[in-house]
Amino acid sequence: MGTHYRSATVRGHEIHYREAGPADAPVLLLLHGFPTSSHMFRDLIPLLAHRYRVIAPDHIGFGRSDTPSAQDFTYTFAELASITAEFTERIGLTRFALYVQDYGAPIGLRLALAHPERVTAIVTQNGNAYEEGLGAEAWAPVLAYIAEPNEKTAAPVREIRSPEGIKWQYTHGVPDPSLLNPDAWHHDAALMARDGQDEIQLSLIGDYGSNIDLYPEFQAYFRASQVPLLAVWGAHDQIFVPDGALAFLRDLPEADVHLLPAGHFALETHAAQIGALIDGFLTRRIPAPVRSGS
């Protein structure tokens, strides 16, 4: 089952996305995190396309999607969630499961708050919704910038999108770094080095506090909906720590939680295991026919 590389226009902006799987199969919408793109799902998509219609867009400002300047586009998580909702409507999605990671979590959960009837299940891979999931050391400079944005507080935040900062996000907490393909962080670093990215990423980091403010609403949504949820988490992640995965059980007692010996980008080393967990989870919660020869 091959992967198609497509685009859709939303509010005059071109959104690039990857798509694979039968057109009439249950949909799994993959929402990537910082600093990457749908590229992070390159190994996962083929593992799920036999049973699901898998769609992975690049957020505006990331990957191959349009990257308007921070003067021409409002880079907030509310706006990215709104654009994502319109993207799903543009390509005809009415019901879908979500896979969320890092930035993809507040984007996807905002979408779920706005349209709970559309979300059939949630897979969260180091996609946080609880304050206890915020790693203290990693988040200290971000929270300082959110509290008081200026050149002094911006300096350590800028390091997050430097080549060294991006590499660290991939390598920290990985027991055997030789299993990592360095193409991943070189790919991200090249895209983060484009003109205008400094303003774009500072805008989004500065807005991250709005996601934390919504945590109680996300948690109320979990309790009210009892949405099927699979938390598959890199247990050695220092950005979104394992307590964030375990916290889902407080509001969703039937959630499936798996801590893997991996870091923030667990797909880089555990794509096969995560794919099997997702397939088993969605098969139990959203049965889909297996198509022979697909």
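Analyst: Two rings of Phe, Tyr or Trp are taken as a pair if their centres lie within 6.5 Å, with the six-membered ring used for Trp. Planes under 30 degrees apart make a pair stacked, planes over 60 make it edge-to-face, and the rest are tilted. The model is a predicted one. In it, ring pairs link Phe34, Phe62, Phe77, Tyr103, Trp139, Tyr208 and Phe240 into a cluster. The rule gives a count of 18 aromatic pairs.

One of these pairs is Phe77 with Tyr208: the ring centres are 5.4 Å apart and the planes stand at 85°, so the pair is edge-to-face. Phe77 belongs to helix H2 (residues 77–90), while Tyr208 sits in the loop between helix H8 (197–207) and helix H9 (209–225), so the contact ties together parts that are 131 residues apart in sequence. Phe77 and Tyr208 are both buried.

A pair with another geometry is made by Tyr170 and Trp185, which are tilted, with 6.0 Å from centre to centre and 50° between the planes. Here the link runs between helix H6 (residues 163–171), which holds Tyr170, and helix H7 (residues 183–192), which holds Trp185; the two residues are 15 apart in the chain. Tyr170 and Trp185 are both buried.

The loop between H6 and H7 contains Asp176. Its relative accessible area is 35%, so Asp176 is partly exposed. The side chain of Asp176 makes a polar contact of 2.6 Å with the side chain of Ser178. As for its place in the fold, the C-alpha atom of Asp176 is separated by 30 Å from that of Leu28, a residue 148 positions away along the chain.

Next come the charged pairs. The structure holds 14 salt bridges. In one of them, Glu79 is joined to Arg11, with the closest N and O atoms 2.6 Å apart. Glu79 lies in helix H2 and Arg11 in the loop between strand E1 (4–10) and strand E2 (13–20), so this pair links parts of the chain 68 residues apart.

Arg158 has 26% relative accessibility and counts as partly exposed, whereas Glu151, at 57%, counts as exposed.

Arg161 forms a salt bridge with Asp198, and the closest N and O atoms of this pair are 3.5 Å apart. The pair spans 37 residues of sequence, from Arg161 in the loop between helix H5 (151–158) and H6 to Asp198 in helix H8. Arg161 has a relative accessibility of 18%, and because the cut-off for buried is under 20%, it counts as buried. Glu151, Arg158, Arg161 and Asp198 belong to one network, joined by salt bridges that share partners.

To put the parts together: the cluster of rings includes Phe77 and Tyr208, and these two residues are buried. The salt-bridge network includes Glu151 and Arg161; Glu151 is exposed and Arg161 is buried.

Technical notes. Residues numbered from 1 in each chain as written. Predicted model: local features only at pLDDT ≥ 70, side-chain atom pairs only at ≥ 80, totals over all residues. Heavy atoms only, no water. Helix = DSSP H or I, 4+ residues; strand = E, 2+ residues; numbered from the N terminus. Buried < 20%, exposed > 50% of the residue type's maximum accessible area, 1.4 Å probe, protein only. Polar contact = N/O pair within 3.5 Å; in protein donor to acceptor, adjacent residues only side chain to side chain. Salt bridge = Lys/Arg side-chain N within 4 Å of Asp/Glu carboxyl O.
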